[in-house]
Amino acid sequence: MINYDIILNAVVGHLFLAYSALLISIIIAIPLAVLSLFNRYLASVLLVFANLIQAIPSFAVVAIVVPLLGIGFKPAIFAIILRIILPLFKNTFTGLKDVDFVYIDSARGIGLSQLEIIRYIRFPHAFPAIFAGIKFSAIIANSVAILTSLIGAGGLGELIFEGLTNFNIPKVLTGAIPAVIIAVLLDVSFSLIEKRISLKY
Amino acid sequence: MIAQVWKNQQLTIKTIEHLSMVFVALAIIIVIGVAIGIFLYNKKYLSNIVLNILNIIETIPELVLLVILMPFFGIGYKPTMIASILYSILPVARNTYVGLIQVDKQYLESARAMGLAEREILWKIRIPLALPMIAAGIRIAIVFVMGVITLGGLIAAGGLGGPIQTGIHLYDRDIILVTGLWIGILAVLLDSIGSFIEKVLNRKYGYD
């Protein structure tokens, strides 16, 4: 029989893991992008890193965290952050940077300060790009959070791995099917919000 | 430490296994992806549906896609290859399609003025001009394929994912570090080859 309590617990654990990592990454990445607007050196170093890390398989990232931080919930969060923070940074930074110079010029003309320009001109224009980055990262976070069960983070992945060890396919599916539903719901809801945002800005 | 792990885990064979899987998967993906792109170009009303379906597949976590295929294809090589192909067709198909419809009007008009048929325009004008876009799609596919095939180690597909799993189970820091970093280096190398090809094609067929 399917035990709904176990599945529900796993879903909650999974969502908590993925979204706390996403939230922390957003909190770090956006200020970092603003800082990079002022410092060209920092920006280019971070962009090179962003491109490199995006090529590395998630499984390798999750594995390398183990010798550094051990296993459990915290290393798992760290692995997810490692995987998504640079794409987030990249999108935010390019969004903030690629604002048409005409707007910045006229903002300067009416006497706005640097910070006011970032707050009132750059951010509103960058919203669609920032949001696209968040959507992309949410999908990756969702995917890596399944994988981190391998290093003892719990969640839906745990059901999958327990099923895999005994070759218990129904158990594997009790972990896998909720994960698919979460992924599809995630994509649909984010696409709806994305449409709204791009209409507004 | 590196040499010992390398020998104990037979990383030379594992690497060859891994790369051959990557290249076979990539070859299949390119053929199917480009074919779907050209097909959608011919039947534009289908493009939304097909690209959306492929997009949904791509949001599914890699590992989940792998295990969902297990009831149908068992474990090992087969489900891993199928998952990596399913997962990576979207970037190639989408980029082919977009590259084909996005060709600048001036080229099409001069081709028509010279009396080329639509078929000839497709093969002699549109496809060459779409090559940089297609290459960009293939580059994304390379990254995805690397990711999925590494995960294949978890369901006994061979390749470099196996030693990582062993390392995590034994909590052996040397195995994890050596294999993990080696996979990272391989991934970055493959990605830079992809980006190099993309640049060459861009210089030859790109617009600017």
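A:S143 is buried, at 8% relative accessible area, where buried means under 20% relative accessible area, exposed over 50% and partly exposed in between (1.4 Å probe, protein chains only). This serine is found in helix 6 (residues 114-147) of chain A; helices here (H or I, at least four residues) and strands (E, at least two) are DSSP runs, numbered from the N terminus. Leaving out residues up to four places away in sequence, A:S143 touches B:P61 and B:E62, with contact meaning heavy atoms within 4.5 Å.

A word on the model itself. It is a predicted one, in which local features need pLDDT of at least 70 and side-chain atom pairs count only at pLDDT 80 or more, while totals for chains, interfaces and linings use all residues. Residues are numbered from 1 along each chain as its sequence is written, chains are lettered from A and ligands numbered from 1 in the order in which they are written, and side-chain values use heavy atoms, with hydrogens and water left out.

Now for the two chains. Chain A has eight helices and zero strands, whereas chain B has nine helices and zero strands. The C-alpha trace of chain A spans about 70 × 40 × 20 Å along its principal axes, and for chain B the spans are about 70 × 40 × 20 Å. Of the 201 residues in chain A, 52% are buried; of the 208 in chain B, 51% are. Looking at contacts with a separation of 6 or more, residues 24 or more positions apart account for 75% in chain A and 79% in chain B.

Helix 3 of chain A (58-69) is mostly covered, with ten of its twelve residues buried. Among them are A:F59, A:V61, A:I64 and A:P67. The cover for these buried residues includes helix 4 (73-97) and helix 6 of chain A, along with helix 4 (62-73), helix 7, helix 8 and helix 9 of chain B. A:G70 follows, with a positive phi near 85°.

Over in chain B, helix 8 (residues 161-170) has B:G161, B:G162, B:P163, B:I164, B:G167 and B:I168 buried. These pack against helix 3 of chain A as well as helix 2 (11-42), helix 7 (118-151) and helix 9 (173-205) of chain B. After helix 8 of chain B comes B:Y171, whose phi is positive, near 55°.

B:R126 sits in helix 7 of chain B and counts as buried at 8% relative accessibility. Apart from neighbours within four places in sequence, this arginine is in contact with B:Y41, B:L100, B:I101, B:V103, B:L108, B:R112 and B:I121.

Finally, the aromatic rings. Rings of Phe, Tyr and Trp (its six-membered ring) pair if their centres lie within 6.5 Å, and planes under 30 degrees apart count as stacked, over 60 as edge-to-face and the rest as tilted. By this rule there are five aromatic pairs over all chains. One of them is stacked: the rings of A:F16 and A:F73 have centres 5.8 Å apart and planes at 10°. A:F16 lies in helix 1 (residues 4-38) and A:F73 in helix 4 of chain A, so the pair ties together parts 57 residues apart in sequence. A:F16 counts as exposed at 52% relative accessibility, and A:F73 as partly exposed at 33%. The rings of A:F89 and A:F93 are stacked as well, with centres 5.8 Å apart and planes at 10°. Both of these lie in helix 4 of chain A, four residues apart, about one turn of the helix. A:F89 is buried at 1% relative accessibility, and A:F93 is buried at 6%.
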